[in-house]
Amino acid sequence: IVRYRLRELASPVTAFGQMFRILRGDRRFSQYCLAQFLQGAANLMTIPVVVAVVTRDLEPDGKRAFWISTGLIVALPILAVLGSLSRWGRLFDGVGVLRFRVVNVIGWTASILFGMFATLVTGHAPHIGPAYLPIAVVLFALRGLLHGVSQGGGALAWNLGHLHFAKPDEAEVYMGIHVFLAGVRGLIAPLAGMWLWTSIGWPVWLIALGLAISGLAVYAAMARDERAATNNEYSNS
């Protein structure tokens, strides 16, 4: 068991030294962290955009804005998280973390697509006419449902995924790296998303979509490599 003195635990030099040592030495974990960063940043940068569009633009007269925004942004995703956890748990047990992440990120990528379409419909409301509101609400609802379901799976993989790579005596270091990178993207991505929204408008969704697809590609490649390695072990045994 690796033991650290209190001074070492509190030292940024020690902490960052451990992080860089593991990221340099464990290529697969580094790839996993990269995929998480890309996919997580894509999701986080779209959340303030959804809040801005739903609360400010979806229904400008504001008569039902509170109920619509509460349902689409808060209630529906939370209910989807709670309803999906047990099913995600069974899938995680059956396929392992990498294949699980592929399925999980497909759902998140689809939620970004629906969010983009809903934003486009809202932005073109004068050309679409009164029908824009129910169309946009349905699209945002589908986005919220998929986001919530995917968040349920993401919560499971977020807490357990690093254990797939960590040695027993370094699990806490792997988790520390994982949490640190989650904090970095949590700090940067929402600000970047809102800045891009105010600067370029709806194409912010294309950037988020590109990040999500990039993360999905890394997960898929890792899952293929792991399956190939497992098949080789079986064929050689």
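In which helix is the place of Ser 111? Ser 111 sits in helix α5, and this briefing looks at that helix along with a few others. Keep in mind that this is a predicted model, where local features need pLDDT of at least 70, side-chain atom pairs count only at pLDDT 80 or more, and totals for chains, interfaces and linings use all residues. Residues are numbered from 1 along each chain as its sequence is written, and side-chain values use heavy atoms, with hydrogens and water left out.

**The chain overall**

- The chain has nine helices and zero strands; helices (H or I, at least four residues) and strands (E, at least two) are DSSP runs, numbered from the N terminus.
- Of the chain's 237 residues, 42% count as buried (buried means under 20% relative accessible area, exposed over 50%, partly exposed in between, with a 1.4 Å probe and protein chains only).

**How confident is the prediction?**

- The average pLDDT of the chain is 87, and 90% of the residues score at least 70 (pLDDT is the predictor's confidence in each residue, from 0 to 100).
- Confidence in the chain is lowest in helix α1 (residues 6-9), with a mean of 51, and highest in α5, at 95.

**Helices α5 and α7**

- The axes of α5 (residues 97-123) and α7 (residues 132-160) come within 8 Å and cross at roughly 155°; axes are lines fitted to C-alpha atoms, for helices over the stretch in contact, and angles run from 0 to 180 degrees between N-to-C directions.
- That makes α5 and α7 roughly antiparallel to each other (angles under 35 degrees count as roughly parallel, over 145 as roughly antiparallel, 65 to 115 as roughly perpendicular and the rest as oblique).
- By class, 17 nonpolar, 11 polar and two charged residues make up the contact of α5 with α7; Ala, Val, Leu, Ile, Met, Phe, Trp, Tyr, Cys and Pro count as nonpolar, Asp, Glu, Lys and Arg as charged, and the others, Gly among them, as polar.

**Residues to look up**

- Ser 111 is buried, with a relative accessible area of 2%, and a polar atom of its side chain lies 2.6 Å from the backbone oxygen of Trp 108.
- Leu 160 belongs to helix α7 and is partly exposed, at a relative accessible area of 36%.
- Leu 160 and Val 97 are 63 residues apart in sequence, yet 8.2 Å apart in space, C-alpha to C-alpha.
- Ala 41, in helix α3 (residues 27-57), is buried, with a relative accessible area of 10%.
- Ala 41 and Ala 212 are 171 residues apart in sequence and 8.1 Å apart in space, C-alpha to C-alpha.

Key
A polar contact is a pair of N or O atoms within 3.5 Å; within protein, one must be able to donate a hydrogen and the other to accept it, and residues adjacent in sequence count only if both atoms are side-chain atoms.
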